[in-house]
Amino acid sequence: QYQLLCGKLRKIAHLEGTMGLLGWDEQTMMPQGSEEARGNQKAALAGVVHNAKVDQEIGKLIDSIERAGTGELSSAEKANLREAKEKFEQNSRMSSELASRAALLESQTYSAWVRARSQADFEAYSPHLEAMIDLRKEILKVTKPDMDLYDGAIDNFDPRMKAPRIAAVFDEVKSGLAPMITQIADQVAADPKLNDVPAALKGGPEWDPAKQALMCREVAEALGFDFEKGRMDVSVHPFTGGSHPTDVRITTRYSEENWMEGVMGTIHECGHALYEQGRASRHIDLPVSEPLGMATHESQSLLWERCVGQSRAFWTWATPIMHRYFPHTKDCTAEDFYRAVNIVRPSLIRVDADEVTYPLHVAIRFEIEKGLFDGSVQVKDLPSTWNQKMKDYLGIEPPSDKEGVLQDVHWSMGAVGYFPSYTLGAMMAAQIFDKAKEELADLEAQIARGEFKPLKEWLNKRIHEQGSMHPSADALLEDVTGKSLDPAVFLGYLRDK
């Protein structure tokens, strides 16, 4: 009976993989004129996927297995049963019609966001976003009736994490960052040269996007991304998608004015991709093999982007590669590159923010999402609410909604409750990397030599192959590092740096 259950769960995974391909294509290759057809295709497939998820035979098999006793099941099989039961119960509360309606609205809202962002026109986007927020509330009321609405939204991305815990963690981080940001600003005011960047590392036509793409591919291969089981493309907003651990598709974007966007975006998405490609093959296509929430996923992307990609050791290795692709940087040292990618300065765009001010960008989105769910924030007021919080937290105000409330893709795709994962993931990354340095004694020297395999294999074993064996990110951290999420480790990492 357990094997019969697994057969049905694998079928669901195969269907979801097909939906993943449609979503990837929508953001990378699909002609603009295909929006309506793609929305209809996704809506139709969403109905099929939903029907597979709520197949009553799944519920009967789970009940039968539990009645017979789970003593003979392995720990992985028990975890698989736990995850399957929770998903089945939540999915069974939602109708096929609602699932199809959600898929169609996501396509429509994403297309509206792309148009609105290009024209900095929030007013045109507002009714689409309002419909999306209303639909997410409707779905959460049905699927998670015992949860606070925003807790339910967060639970979609980080199982068993709740808004009050996040608020307490974020308050600790904000109070720790405030004096750090002030101290850094005072030091730069006293010596403005601290933020000087060599002319060669500033934007300009020398940073040919085609060469950046070749360079980023070389970096991705060095980190361990398997191009035989993945590919790399360009999209409006960098993301990791695909259909399966053997078909992982990452995107980034390149700019002559900001070369860091391409290389750091590539390293970030590679972190996500290495997690996907590193999932345990023995449990593939089963719930237990799936990543343990988005904070854990972001911990992997941010570990590679920040703990590795923004380290002195990394630029010791990467600087000769930059010289080869971009000869105009030949006089720039590894220290020049290191300092350039670590400047701390309040910025408008979250994905371009430094790691000290980045958590404040996430705090702004967390507070706005909370307000959208408790009614204290209205969609029509988002631009003014956003701009005020940017002034309060970062001391800057967006010149237009393109650089403000329209900059992120997440809400357009229904990913409300996702944003806290970024800062939770950054904290997890610092804690996990601390443990990696303890267990891989020569780690920094390995990175400086471009030997990334030991770290990748350590993460494969300790994080990626664990999938959803643990019920929460805290439980995973306790297993790997000996303690649950500790903001003090993250703040210590930043202070030391």
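Me: Which residues of α3 meet which residues of α4, and what makes this a contact?

Reply: In this predicted model, where local features need pLDDT of at least 70, side-chain atom pairs count only at pLDDT 80 or more and totals for chains, interfaces and linings use all residues, the two partners are helices, that is, DSSP runs of H or I with at least four residues, numbered like the strands (E, at least two) from the N terminus. Gln56, Ile58, Gly59, Ile62, Ile65 and Glu66 of α3 meet Leu81, Ala84, Lys85 and Phe88 of α4, contact being defined by heavy atoms within 4.5 Å. The residues of this contact divide into six nonpolar, two polar and two charged, where Ala, Val, Leu, Ile, Met, Phe, Trp, Tyr, Cys and Pro count as nonpolar, Asp, Glu, Lys and Arg as charged, and the others, Gly among them, as polar. Residues are numbered from 1 along each chain as its sequence is written, and side-chain values use heavy atoms, with hydrogens and water left out.

Me: Why are α3 and α4 called oblique to each other?

Reply: The axes of α3 (residues 56–68) and α4 (residues 75–92) come within 10 Å and cross at roughly 140°, where an axis is a line fitted to C-alpha atoms, for helices over the stretch in contact, and the angle runs from 0 to 180 degrees between N-to-C directions. Angles under 35 degrees count as roughly parallel, over 145 as roughly antiparallel, 65 to 115 as roughly perpendicular and the rest as oblique; a value of roughly 140° falls in the rest, and α3 and α4 are therefore oblique.

Me: What makes α9 and α10 roughly parallel to each other?

Reply: Helix α9 (residues 209–223) and helix α10 (residues 259–277) pack at an angle of about 30°, their axes being 10 Å apart, and with that angle under the limit for the class they are therefore roughly parallel. The crossing here is right-handed. On the α9 side the contact is made by Gln212, Met215, Cys216, Val219, Ala220 and Leu223, and on the α10 side by Trp259, Gly262, Val263, Thr266, Ile267, Cys270 and Leu274. By class, these residues comprise 10 nonpolar, three polar and no charged.

Me: How do you know that Glu261 is buried, and what does its side chain join?

Reply: Glu261, which has its place in helix α10, has a relative accessible area of 17%, and buried means under 20%, with exposed over 50% and partly exposed in between (1.4 Å probe, protein chains only); Glu261 therefore counts as buried. A polar contact of 3.0 Å joins its side chain to that of Arg253, the term standing for a pair of N or O atoms within 3.5 Å, of which, within protein, one must be able to donate a hydrogen and the other to accept it, while residues adjacent in sequence count only if both atoms are side-chain atoms. Leaving aside neighbours within four places in sequence, Glu261 is in contact with Thr252, Arg253, Ser255 and Asp352.

Me: Is Thr319 buried or exposed, and what does its side chain reach?

Reply: Thr319, in helix α12 (residues 312–325), is buried because its relative accessible area is 4%. Its side chain reaches the backbone oxygen of Trp315 at 2.6 Å, and, not counting residues up to four places away in sequence, Thr319 touches Cys332, Thr333, Ala334 and Phe337.

Me: What makes helix α19 mostly covered?

Reply: Seven of the nine residues of α19 (residues 473–481) are buried, namely Ala473, Asp474, Ala475, Leu476, Leu477, Val480 and Thr481. What covers them includes α8, α11, α16 and α18 (453–462). The helix is followed by Gly482, whose phi is positive, near 95°.

Technical notes:
Left-handed = near helix turned anticlockwise from the far one by under 90°.
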